[in-house]
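Have the sequence and the 3D view ready.

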Amino acid sequence: MADNHVVVIGAGAGGLAAAVDLAARGVRVSLFERADRPGGKMRRVPVGEDESAPGVDAGPTVFTMRWVFEELFAAAGANLADRLSLTQAEVLARHAWPDGARFDLFADPERSEAAVEALSGPDEAARFAAFTRRARSIFDTLDHTFMRAERPNPVSLVWRVARAGRLARLMSISPFSSLWDDLGTFFHDPRLRQLFGRYSTYCGASPFLAPATLMLIAHVEQEGVWLPAGGMHGVARAIAGLAADLGAEIHYGRPVAEIMVKGGRAAGVRLADGQEIAADAVIFNGDAQALAQGLLGASAEPAVRRLPAGRRALSAVTWTGLAEARDFPLSHHTVFFCGDYRAEFDAVFRHRRLPEEPTVYVCAQDRGATLEPTDPAGPERLLMLVNAPASGDTHPFPDPEIDACRTRAFDLMARAGLSLSPESLRLTATTPATFHRLFPATGGSLYGQAIHGWRASFTRPPAASRLPGLFLAGGSVHPGAGVPMATLSGRLAAAAALKDLTSR
C-alpha cells in the first residue's frame, strides 16, 4: 500500500483516526487542517492574560467509550495508556434543580441506585435498576450491528442482529417510541425523567423527538467517564502524535479550497494557496453539508445529499473563561436543570429561539470528579453551555439576546445555589453564528443531523460518498456525533478507502 497516497481533510477525531489506521497499514497520508492545531471541535481557547496558562476546553468535555481509543491505538501497535493519562470519574455528573434538590450519578451502579432511593424512594430505585438493564441490552444489541457497521439500513440491521443471535432483543431497542415516552415507563419522579432525557442532547436531539434507542448512552456513561490529562484537546494531541509517529504528514494552517475530480473520481485537493496535491483517495473530515453546499468545489457537490436546515441538530451558546464559583460544590460535570423541559426544547426546535429558562451545563475543568471535589483557590476555568437552535447562518442572535440568555442562565444557577463572583467574571461568549464560522455549512449545529424519529439514524451519510474515491468521516456521518462515534467514523472511512484502493 506504500504506493498509494490518501489526503485527509480535517484533523478532528475522525480525520485523525483515519490517518492512524491508514498510516499503520503503510499508506502514505497527507492531512491538511486549516487550524493551527489538531482537534476540530475538541478545541481549546485561551483565558486570562497569561498566555502560558492552560486554556479551556471549549468543545466536547465528556470522555467515554475508552475502548474505542484503546482499539485504535492497539491496531497501530501502540498503547493508549503510554500516550494519554486518564483518570476515571467517581461522580459521572452532579445535577441540581431550582428548588435546591441535588443528585449525583456515580460510576458505581450500586451507589447510583442508593442515591436514587435517597432522592425518590425504593420503588424508583428498583425502576432505575430496570432502566440500566434495558440501556445495557440496547447497547449490546447495537454495538457491532449498527455503530461499527458500514452503511447500515433497517434490513441489514435486522440481518446482523439475527446473525448475532439477538433477534429477540430487536424490538427492545424501542426505535419507534420517543426517549421521553419510554423514560416515563421507568421513572415516576419527573426529575429523573428529565435527567436521563438529557442524554439525547449528547447527539444534538430533543428527548421528545429522539428515539428511545438513545437510552444506550446511559450504559456508555456507566461503563466509565474519564478525565484526560490536558483535557479533551489532549486526546486530539495524543492521536495526532501517534499518526505523525506512524509517518502521516500533518499540515496545520493549510486550508483546502477544493476537492479535485478527474474521470469521475476524487483525485486530490487544491489548497487555499493554489497548491495542488494529487491523491488516490480523499477522506473529508468535516460537516458533510460543506460538500453538499459546494464549499469544496462544484465537482464534489453531488457527493452527499443536501440537508434541509430544519433537520439540523442542536447548536449552543457557551461562555468560557475564569470565574470564582461560590456556595455550590461543583463537580467536574454539573447540570443545572430548568423547571419546564418541554418548553426549552419547543423554543429551540419549534420556534427557533433561545429558551426562556435554559438548562445549563457547567464543566469545571480545574476540579476532579469525586464526591467532595476540592474548591480551587480563586478564579477557575469554566465552560458553561445552553442549548440553542442551529440558525447561525440565518438568524445570528444579536448581542442583547445573548446577554439576556446569559442573565437567565446565571439566574437559574443562582436559584440552585451557585454564585459567580462578579469581580472575577471574565467570560467569552460563543454563539451559533460563531460556530457556523468555525464549522462552515452547519448553521452552528454541533452534531450534524438531528436524530429525530427512527429513520434518522439510517439517513446519515455512510463512509463511502456518492463520489468514487471520496470518503467521509466526522460527527455528521455514520455512526453519529460525539468524539467516540467520530473516531469510529474515521476508522470506517479508512477501511472503505483501503477496500477501494485494493480493488483498484
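Phe-410 is buried, with a relative accessible area of 16%, because buried means under 20% relative accessible area with a 1.4 Å probe, counting protein chains only. This is a predicted model, in which local features need pLDDT of at least 70, side-chain atom pairs count only at pLDDT 80 or more, and totals for chains, interfaces and linings use all residues. Residues are numbered from 1 along each chain as its sequence is written, and side-chain values use heavy atoms, leaving out hydrogens and water.

Now look for ring partners. Rings of Phe, Tyr and Trp (its six-membered ring) pair if their centres lie within 6.5 Å; planes under 30 degrees apart are stacked, over 60 edge-to-face, and the rest tilted. The structure holds 17 aromatic pairs. In one of them, Phe-131 and Phe-196 are tilted, 4.8 Å centre to centre with 50° between the planes. Phe-131 is in helix H5 (residues 122–147) and Phe-196 in helix H8 (residues 190–197), 65 residues apart; helices are DSSP runs of H or I with at least four residues, strands are E runs of at least two, and both are numbered from the N terminus. Phe-131 is buried at 1%, and Phe-196 is buried at 3%.

What about Phe-410? Its ring centre lies 6.0 Å from that of Trp-319 and the planes stand at 75°, so this pair is edge-to-face. Trp-319 belongs to strand S14 (residues 315–323), and Phe-410 to helix H13 (residues 399–415), 91 residues away. Trp-319 is buried too, at 2% relative accessibility.

Note on methods
Buried means under 20% relative accessible area, exposed over 50%, partly exposed in between (1.4 Å probe, protein chains only).
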